[in-house]
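These are my notebook entries on a structure that I am reading for the first time. I set down what I looked up, entry by entry.

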Amino acid sequence: MARYEGKEAIRDSVLQVAKLCAAAAYKAPQLTAKLEIKTEIITGEDQEPIIEFFKEVSPISPVMGFDYETLKHFRENGDPLVILLIGADLTSCELSWNCGACGFETCAEFNKFARANKGRGSLWSGPSCSWKTMDFGAACDYACAAAAQYRFDCRAMATVGAAASGVGYLPDCSAHIGIPIGPAGDFVYYSRQQNMKKFSVESHRENLLRSAPTNWLSFPGGTKPSLKHQDNWWAEPVYPTFEKASPEEMQFVEETMAKVNSVSEKYAPKIAEWYSDKK
Amino acid sequence: MERFDQLRGEEYINEWPKSSAQDLRRKEATLTAAKLAINAALTAPVAGGVAQAETHLVYGQEELGKVAKKMEELAYTNDRWKQRFLNEAVMVRESDVLLFFGNYRAHETPLDANCGLCGGAAGCSFFYERSETKGGLVDITDRRSNTPIKGPLCACRVNDLGYIWASAMWMLQTLLVDARPFMSVGLAGQKLDYCPDSAIVVGIAASTLSKSPYQDINIDYHLVNMEKMIDNTRKNWVVSRQTASGINFDYRTQYPRKQKED
């Protein structure tokens with residue numbers, strides 16, 4: 001009689017669940033009945049390019065930094081983790097509904113603009129047909145719901161999608177979502193216990209002050225309220241200010257992006273090879 | 001403990017005849033499922049977990065008929081969706097309940113993350129340069145538009161709306177309620193001011209009939225469907241009774257019999 005250690009057995013089940021999540025993505029109902037989604041399940045060392053991409057971009061993107069710490073921890077710890085990648089090309093529209101939601105009066109105008117101006121923002125490419133965009137969301141939602149039904153934690157992450165497409169995964173898609181599934185646990189993508197030591201209490205406090213200063217504003221009647229940045233905030237008043245990014249900061253962003261691009265260049269040829277082999 | 005003595009009863013449930021007490025009991029349960037589906041939609045994962053959905057639950061023969069008529073009106077505004085809208089109006093009339101989901105941020109309070117989904121490399125500028133704005137704030141008070149929907153919209157919010165209605169669909173399908181999401185229902189609902197603060201609306205029709213209204217749609221469905229069949233039977237059978245047989249004898253005292261062979 002075979003015996004399985006639970007945590008080892010989960011390695012098989014997390015992959016099995018990811019496959020079922022991919023199936024659920026295709027089962028998702030569509031408004032257009034036209035959207036073709038693509039899915040891939042990325043496991044083991046094939047996750048390394050994504051994690052390395054996160055690492056290089058994290059100095060200028062705290063959110064990617066959180067995800068980097070999380071995925072790196074799971075990989076280093078040998079925890080069962082798979083990434084379900086879902087992509088689609090939303091930049092062409094054959095519907096002729098001429099609904100106007102994209103900002104153009106006709107689908108033909110949208111397509112003309114898309115052909116000339118298609119490009120990538122911080123996470124995705126565009127422009128996008130609104131109805132296909134919703135169908136894409138529905139596919140990702142069904143994948144997540146399937147994982148939840150099997151009681152595996154997951155999280156639909158645009159950051160993982162962006163990193164994956166950045167190193168060359170699913171090259172023909174304009175929108176990518178990466179859904180890490182597993183390891184087994186309770187809210188592993190929300191209560192990230194392993195991240196605790198990576199971020200000091202001071203950085204928590206500073207992030208809050210920067211992103212939600214209203215909560216710490218003193219009396220604003222004088223039109224120049226100070227920030228209650230410490231217990232005796234009145235003793236050394238500090239004020240929120242408006243400032244453009246300094247040349248040094250801009251240079252840092254540029255240098256960081258150069259490192260990010262080098263990660264892309266490092267992995268892209270090998271990943272592209274996989275797709276050309278399949279053709 | 002007396003209250004438990006009140007907790008007894010009998011409820012007969014049958015989808016036929018339509019809108020009878022036994023049919024309305026069935027519909028009431030669909031309505032309960034629809035409410036659970038709306039709750040599921042409200043827990044859908046969206047960018048940053050930011051609240052952005054408004055929903056409307058619409059049921060009742062008159063209310064559904066109003067939406068179906070609006071869909072038929074819209075059908076004739078675009079040849080490409082005409083047949084589809086007409087077919088789907090029939091489905092709405094056969095449904096128990098409509099669920100509308102709108103995104104009230106897509107046109108007014110975008111994600112502002114320069115993600116690129118709406119316009120590509122230019123990031124949020126695609127949206128802001130095509131919207132009426134002042135100092136980064138979007139003024140939506142001019143609602144005039146040459147198109148059925150006034151764009152552009154924040155594509156990330158639109159994407160989130162996909163997660164929202166899909167979560168409702170997941171719940172309905174989990175409860176084995178037949179359902180389908182429709183652009184046509186959403187657009188008609190939006191024109192009727194359901195989800196009144198939203199820039200884009202999707203409608204889900206749901207029902208618990210023995211035959212799903214959303215599958216196996218024959219040609220000319222808006223002319224050839226169950227409601228038309230029943231109505232044509234009502235229209236013709238009263239005549240057939242008279243002309244084919246009934247008028248020719250007095251049932252109280254007579255009954256036509258086979259003529260004797262001799």
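This is a predicted model: local features need pLDDT of at least 70, side-chain atom pairs count only at pLDDT 80 or more; totals for chains, interfaces and linings use all residues.

**Entry 1. Chain B, overall**

I began with the secondary structure of chain B, which has eight helices and six strands. Read along the sequence, they follow the order α-α-β-α-α-β-α-β-β-α-β-α-β-α. I then asked how spread out chain B is relative to a compact globule. Its radius of gyration is 25 Å, whereas the globule rule gives 18 Å for 262 residues, so chain B is more spread out than a compact globule. The C-alpha trace of chain B spans about 100 × 60 × 30 Å along its principal axes.

Chain B averages a pLDDT of 95, and 99% of the residues score at least 70. For the complex, the predictor gives an ipTM of 0.88 and a pTM of 0.92.

Next I looked at the packing of chain B. Of its 262 residues, 41% count as buried. Among the contacts in chain B with a separation of 6 or more, 74% are between residues 24 or more positions apart.

**Entry 2. Chain A, overall**

I repeated the survey for chain A. I found eight helices and five strands, in the order α-β-α-α-β-α-β-β-α-α-β-α-α. The C-alpha atoms of chain A fill a box of roughly 65 × 65 × 35 Å along the principal axes. Of the 279 residues of chain A, 40% count as buried. Of the contacts in chain A between residues at least 6 apart in sequence, 71% join residues at least 24 apart.

**Entry 3. Where the chains touch**

I then turned to the contact between the two chains. It takes 43 residues from chain B and 39 residues from chain A. Which elements of chain B give two or more residues to the side that touches chain A? I listed helix H4 (79-94), helix H6 (155-174), strand S5 (178-182) and strand S6 (200-207) of chain B. The largest share of this side of chain B, 11 residues, comes from H6(B). By class, I recorded 25 nonpolar, 13 polar and five charged residues on the side of chain B that touches chain A.

**Entry 4. Helix H8 of chain A**

I examined helix H8 (residues 247-278) of chain A, which has 32 residues. At 1.5 Å a residue this helix should span 46 Å, and its end C-alpha atoms are 46 Å apart, so the two values agree. I also found a bend of about 40° at Ala268(A) in H8(A), with a proline, Pro269(A), following within four residues.

Is H8(A) largely buried or in the open? Of its 32 residues, three are buried, so H8(A) lies largely in the open. The buried residues are Val260(A), Val263(A) and Tyr267(A). I traced their packing to helix H2 (48-57) of chain A. An α-helix has 3.6 residues a turn, so residues three or four places apart point the same way.

**Entry 5. Backbone exceptions**

In chain A, the peptide bond from Gly182(A) to Pro183(A) is cis, with omega near -5°. I placed Pro183(A) in the loop between strand S5 (175-181) and helix H7 (201-211) of chain A. In chain B, a cis peptide bond joins Trp16(B) and Pro17(B), with omega about -5°. Pro17(B) is in the loop between helix H1 (2-6) and helix H2 (21-42) of chain B.

For phi, I noted Asn98(A), which has a positive value near 50° and is not a glycine. Asn98(A) lies in the loop between strand S2 (82-88) and helix H4 (107-117) of chain A. It has 21 other C-beta atoms within 10 Å, and the cut-off for buried is 20 or more, so Asn98(A) is buried.

**Entry 6. Asn114 of chain B**

Asn114(B) also has a positive phi, of about 55°, although it is not a glycine. I located Asn114(B) in the loop between strand S2 (97-103) and helix H5 (125-129) of chain B. With 13 C-beta neighbours inside 10 Å, Asn114(B) counts as partly exposed.

What is Asn114(B) in contact with, leaving aside its neighbours within four places in sequence? I found Gly121(A), Ser122(A), Gly123(B) and Cys124(B). Asn114(B) and Cys124(B) are 10 residues apart in sequence, and their C-alpha atoms are 4.8 Å apart in space.

Terms used:
Residues are numbered from 1 along each chain as its sequence is written. Chains are lettered from A and ligands numbered from 1 in the order in which they are written. Two residues are in contact if their C-beta atoms, placed from the backbone, lie within 7 Å. Ala, Val, Leu, Ile, Met, Phe, Trp, Tyr, Cys and Pro count as nonpolar, Asp, Glu, Lys and Arg as charged, and the others, Gly among them, as polar. pLDDT is the predictor's confidence in each residue, from 0 to 100. The expected span of a helix is 1.5 Å times one less than its number of residues. The bend at a residue is the angle between axes fitted to the seven residues ending there and the seven starting there. A residue is buried if 20 or more other C-beta atoms lie within 10 Å of its own, exposed if 12 or fewer, and partly exposed in between; C-beta atoms are placed from the backbone. The radius of gyration is taken over C-alpha atoms; the globule rule is 2.2 Å times the number of residues to the power 0.38.
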